[in-house]
Amino acid sequence: MTAVTGIAVATMAAALGAGDPASAGTIKAQFLPVPTATITTPASPLTLQSLHGKPVKISFAGKGVEAKKAVPGTRFRWTAYGTGGAKKTLCTGSSVPHPGPVDDLTIYRDCRSFTAELGMLPQDVASTTWWVVLEVFNGAGAAGTDGQSVKLDYVAL
């Protein structure tokens, strides 16, 4: 999904005594493209076995590109979505925009690659499928996304 986020900057040159008075109050817009997000690991839909429904450790990796430059992993957020509205945050970079006040101390977190656990959901008997989403944010807070499915099959010995 490609989108363009606009950041409008009002110019008041005439009010400051410079420029054309007819341009007072006009808006000039600078557009920042939404970054491209790509999940590199797992590279394709993944199916794993969950012994007795126990959580499984899974490696994740991704990349983001904005205006031909790599986006740092501090601007990545990974979230897994399951059936019945289940949601699990897997990794949130330290520079991901969020609502509310920011504490004085921010711990540096790079989410380009990491390992997380996903398990079976209580309502699923034979298998659970998670939809893992990578969001890559630009400086204006707009995100490009990519998604991948991870299926866990219940196995009993």
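Me: Is Asp-153 buried, partly exposed or exposed, and what is its relative accessible area?
Reply: The model is a predicted one. Buried means under 20% relative accessible area and exposed means over 50%. Asp-153 falls in between, so the residue is partly exposed, with a relative accessible area of 23%.

Me: Which residue forms a salt bridge with Asp-153?
Reply: A salt bridge needs a side-chain nitrogen of Lys or Arg within 4 Å of a carboxyl oxygen of Asp or Glu. For Asp-153 the closest N and O atoms are 3.7 Å apart.

Me: How many salt bridges does a search of the whole structure find?
Reply: Among them is the pair of Asp-110 and Arg-112, with the closest N and O atoms 2.5 Å apart. Asp-110 is partly exposed at 22%, and Arg-112 is partly exposed at 44%. The search of the whole structure finds 3.

Me: How many residues apart are Arg-77 and Glu-135?
Reply: Arg-77 forms a salt bridge with Glu-135, and their closest N and O atoms are 2.8 Å apart. The pair links distant parts of the chain. Arg-77 lies in strand β7 (residues 76-81) and Glu-135 in strand β10 (residues 127-137), which puts the two residues 58 residues apart.

Definitions and conventions. Residues are numbered from 1 along each chain as its sequence is written. This is a predicted model: local features need pLDDT of at least 70, side-chain atom pairs count only at pLDDT 80 or more; totals for chains, interfaces and linings use all residues. Side-chain values use heavy atoms; hydrogens and water are left out. Helices (H or I, at least four residues) and strands (E, at least two) are DSSP runs, numbered from the N terminus. Buried means under 20% relative accessible area, exposed over 50%, partly exposed in between (1.4 Å probe, protein chains only).
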